[in-house]
Amino acid sequence: MDLHMMNCELLATCSALGYLEGDTYHKEPDCLESVKDLIRYLRHEDDTRNVRQQLGAAQILQSDLLPILTQHRQDKPLFDAVIRLMVNLTQPALLCFGSVPKEPSLRHHFLQVLAYLQAYKEAFASEKAFGVLSETLYELLQLGWEERQEEDNLLIERILLLVRNILHVPTDLDQEKRIDNDASVHDQLLWAIHLSGLDDLLLFLASSPAEQQWSLHVLEIVSLVFRDQNPEQLAGVGQGRLAQERSTDVAELEVFRQREMAEKKTRAFQRGSRHSRFGGSYIVQGLKSIGERDLIFHKGLHNLQNYSSDLGKQPRRVPKRRQAARELSIQRRSALNVRLFLRDFCSEFLENCYNRLMGSVKDHLLREKAQQHDETYYMWALAFFMAFNRAASFRPGLVSETLSVRTFHFIEQNLTNYYEMMLTDRKEAASWARRMHLALKAYQELLATVNEMDMSLDEAVRESSRIIKNNIFYVMEYRELFLALFRKFDERCQPRSFLRDLVETTHLFLKMLERFCRSRGNLVVQNKRKKRKKKKKVLDRPVASGDVPSGAGALEAVWPSLAEQLQCCARGPELSVDSVVPFDAASEVSVEEQRAEAMVRIQDCLLAGQAPQALALLRSAREVWPEGDVFGPQDISAEEEIQLLKQILCAPLPRQQGPEERGAEEEEEEDEDEEEEELQAVQVSEKEFNFLDYLKRFASSAVVRACVLLLRSYRQNSAHTNRCVVKLLHRLAHDLRMEGLLFQLSLFCLFNRLLSDPAAGAYKELVTFAKYILGKFFALAAVNQKAFVELLFWKNTAVVREMAEGYGSLDGGSSSRKPPMWSPEEEAQLQELYLAHRDVEGQDVVDIILAHLKTPRTRKQVIHHLVRLGLADSVKDFQRKGTHIVLWTEDQELELQRLFEEFQDSDDVLGHIMKNITAKRSRARIVEKLLALGLVAERRELYKKRRKKLAPSSLPNGEESQKDFYQEDLEEGENRPEAESDEDEGKEEEDSEAEQAAGSSVLSAETLGQSLSQEGFSAPLLWLQSCLIRAADNREEDGCSQAVPLVPLTEENEEAMENEQFQQLLRKLGVRPPASGQETFWRIPAKLSPTQLRKVAASLSQPEEEEELQPGPEPKVPGEQGPEEEHQKEHRAQALRALLLARKKKAGLVSPGGEGAAGEKEQLKMAPRKRQLLDSDEEQDEDEGRNKAPESRAPEILKKKRFQIEDEDESD
């Protein structure tokens, strides 16, 4: 961007800053205002960052801002403003644009801003600028916390941000073209920081307990300082060349010399004695040309070995989405003086700052005081400084803060999280892969440090290492981590360096684990097994266990002794039923199953001779389940109670299966219930660890493929990396005797390239291993001629076994229990059922076949036989939809959000979502995702609500709606969780006296409307009435309903919406308050029909309007009331007394025996309402019918359909 393209106002503002004369900068009188104007311009720049580009092209920072910073430091307002402007100008380009733009025009602007930032970095590489910054920072840090003002803290933060921004600018390698040991711009910047003393101030900030608020800023600056450095190389600076380094260099030179000699020898053989024109032409037999004839070769025979059919062809273009990930981290050797300064800085940082700083940063991360992804700096610092400590002079005490099992757990958690996010967030998969690489490096360094502690001479250090290894080898997640990383390795997102670190870390882990198992003899580890949740089947016959009498005669013989005990207990003092709890409200078992289980428990107590416990359990169950007189009526006598217990003793009660039968059934049906994979529980147990069994988990094609991919670059790999790859493959081939896993053509091509390499002598281990595998293959090929075809495919362990033992050996000898054979009649029936039901939609054809087959078969047997008969193409045709869905895609999240917004005002939000969602998932999965997306704040917002129907009645509209709204308020109070109700107990005790003083009547909506009208809210009431009527008209016209917000447009209506009495009226009318944190206005719910809305609106009419619009009834004598009004008032009084009684009983103010018959009757009358939690809509009609029943009928609690939101850990 040229200067003449600069905006005129911006140009005038820059001209008003001042001018540079020689080395002296003369500022203008309006310099401070001009700097503030530039800040204002930057705040309002467009998406192309035009202001930033114009200022960069004008070199404002180099020609004006830096001279002002260095020469006018005494002008504090100007200095602060310049620091603010420089922080904004040096902001990273990624923060300016959000990400690297893909559009060409925006990408051009991005690269332009990046070029200006690199020019800023080069201008800052001077001791003068950093000297001013360090002096200012030193003066501010000298102030105590009581003397330091808010402006001082802001200036400290801005100086640290400015240093961070300058160090963050990436290096332009193409422009600098610096070699190792040469001072790059970044090295010059580091040397200026060292000369200015800013590095000492960073060490002070990291070590001072009073400056912990800057810990994350300091850690970020330190990570940028050591961005291109290698900790092992940095630790050996200034100590001379070690013997190992010299031998490594000599080996590399020898490899290059051998390759050069081989190339010279090849060129010498290629020189022919005659002219190339007389080279001749040859026919290559067995190699076809384009047609059917043999290939004709027109060059010399010495060129024949380099012939390929691909010569001259255009190479196939690899799509961008399939290209391998590029390496982003570049390590280089800085100038010697810079490396010496960095080595000393690392030593001082480890001795004085590391433990304190890392503890402070970890605390910030756990308390969520840091910004997003700040944990990456923590993991980088852990890996870098622990590697430096291990390479310099290993002292575990210097890194004790991060050398613990908790650190292993923290790294493993983040590594797993990054791994899952890389699979789900495909757009940012590369960023998540880089974060995962940092976590893997930190995990690798933790293992390397623990391994180094094993070799320490100090017994205490070795004991600490043993404790840490015992913990990490015991937990299953640490052992399964590497398997998951191997299986999900994707070279499109993860670079080759990640694979190298993964192989090296796995090699180290296996070596430590093998050595630990040998030293311990036997090792007990944690084992987690997925256990499918199946419905508990009930047997038709009772299951007798132990020495419990089961025959009728034996039960009759036992009863007399039990009857005597029961009579003594009945005549004695009253049994305490508080200690016996037959019902668990927090259990996942339904109420009906718990009631049947309580009956079985009573029978078990009687069979065991525990008569008092059986009687106490019976009475306690009667209080919990009084309906139906299942456990006897409330006024049962002692003799009737004993007879009831006798009936329970002799009754053939259905019992649940025992653990052995349940375990056997689960093993038989393990392969049949694939549709229940999401409903899995993790069963934790312990087992003795076998290293070879664990090693067998690595015997998979994914692991071998990753190793072969890394082995392709064996020339670029270090000797340690090649050794790790060969050792891992050797474990699979030799220790597990699975050489067949490596019989693959791509690996054999690699072996061919290796064996023909002139420098193959430098790779002795690789050559030896290649010859071993090739020898095993040719020995197998002599027996099995199909081994050559098997080279084309990656294989699993089953195929490897078949290659060695013969094809079909697994089918004949792998299972001692063969499935029963299919007779011709059964095959005909199977074919007939399949052809009859395969086109029926909405049904599973296999389930229908299983229901009609005469011989019992499993689902797996039926599916495989259908495929064998040729009726189906593959087993996959019968997989049920939505069974293996674990991860959420972006489209599925958008669909879930759309369904939630569509049904959020319905009575059953979760039910409607589960019916309409495309990818079927479990209820718990959907609830967890709604919580994770922030669509709901808590689980109870998804509970199913009861639909309130305004049944036609002879009562007036206002009274009718008042009854329903009172009932709704009562149910809302009952539907709250127990924890919330416990917190509100104290409030309810305080409110009970106020409710007693309020009288025996509840204000109806009409009464509230009249009182509000008298207080001057007539206009808001008319506005509310018109809104209700308008909503009713719109719902009649559209035929559909949705929540309508009440938006007050006038100041009078807005004040009314904030009035507590007006809000109470809205609640009684059924208007829903705004959801917490997501809505602003009250809303007319979608569940109210147009008829209900008009009735509610009519209850708001003023008395004068009602007299004009409605014909007046016949006049009544004052004081005389009709039967309908008496019935209404009686109902209100009974309901209020029941509510007060329930609250008193809950608060402990009323004893169980101190209430009269009327109180007990009212309590029983309210009991059905008290238990309506998560009920279904079908109960509504049953409850209404029960309310209309005669009062003489005994109150019953109908069976509820409970919809339970499962909250369990479901493994993926």
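**Entry 1: the whole chain**

I began with the secondary structure, which comes to 54 helices and eight strands. I noted that this is a predicted model. Next I looked up burial. The chain has 1212 residues, and buried residues make up 42% of them. The chain exposes about 68100 Å². Carbon and sulfur atoms supply 50% of that area.

I also checked how far apart in sequence the contacting residues lie.

Where does Ser196 sit? I found Ser196 in helix α11, which covers residues 185-196. Is Ser196 buried or exposed? Its relative accessible area is 15%, so Ser196 is buried; the cut-off for buried is under 20%.

I then listed the contacts of Ser196, leaving aside its neighbours within four places in sequence. Ser196 touches Glu127, Phe130, Gly131 and Ser134.

I followed up one of these partners, Gly131. Gly131 belongs to helix α8, residues 127-142. Gly131 counts as buried because its relative accessibility is 14%.

Gly131 and Leu195 are 64 residues apart in sequence. From C-alpha to C-alpha, I read 7.9 Å between Gly131 and Leu195.

**Entry 2: a nonpolar patch**

Which residues make the nonpolar surface patch of about 380 Å²? I wrote down Leu745, Val789, Leu792 and Phe793.

Leu792 lies in the loop between α34 (787-790) and α35 (797-805). Its relative accessibility is 53%, so Leu792 counts as exposed. The cut-off for exposed is over 50%.

**Entry 3: a negative patch**

I went on to a patch of charge. Which residues form the negative surface patch? They are Glu1051, Glu1052, Glu1054, Glu1055 and Glu1058.

I took Glu1051 from this group. Glu1051 is found in helix α48, which spans residues 1051-1058. Is Glu1051 buried or exposed? Glu1051 is exposed because its relative accessible area is 60%.

**Entry 4: looking back**

Ser196 is buried at 15%, and Gly131 is buried at 14%. Leu792 is exposed at 53%, and Glu1051 is exposed at 60%. Ser196 and Gly131 are in contact. Leu792 belongs to the nonpolar patch, whereas Glu1051 belongs to the negative one.

Note on methods
Residues are numbered from 1 along each chain as its sequence is written. This is a predicted model: local features need pLDDT of at least 70, side-chain atom pairs count only at pLDDT 80 or more; totals for chains, interfaces and linings use all residues. Side-chain values use heavy atoms; hydrogens and water are left out. Patches are made of residues with over 30% relative accessible area and no salt bridge: like charges are joined within 9 Å, nonpolar side chains (Val, Leu, Ile, Met, Phe, Trp, Tyr) within 5 Å. Accessible areas come from the Shrake-Rupley method with a 1.4 Å probe; for residues, only the protein chains shown count as cover. A salt bridge is a side-chain nitrogen of Lys or Arg within 4 Å of a carboxyl oxygen of Asp or Glu. Lys and Arg count as positive and Asp and Glu as negative; His and the chain ends are not counted. The place of a charge is taken as NZ of Lys, CZ of Arg, CG of Asp or CD of Glu. Helices (H or I, at least four residues) and strands (E, at least two) are DSSP runs, numbered from the N terminus. Buried means under 20% relative accessible area, exposed over 50%, partly exposed in between (1.4 Å probe, protein chains only). Contact means heavy atoms within 4.5 Å.
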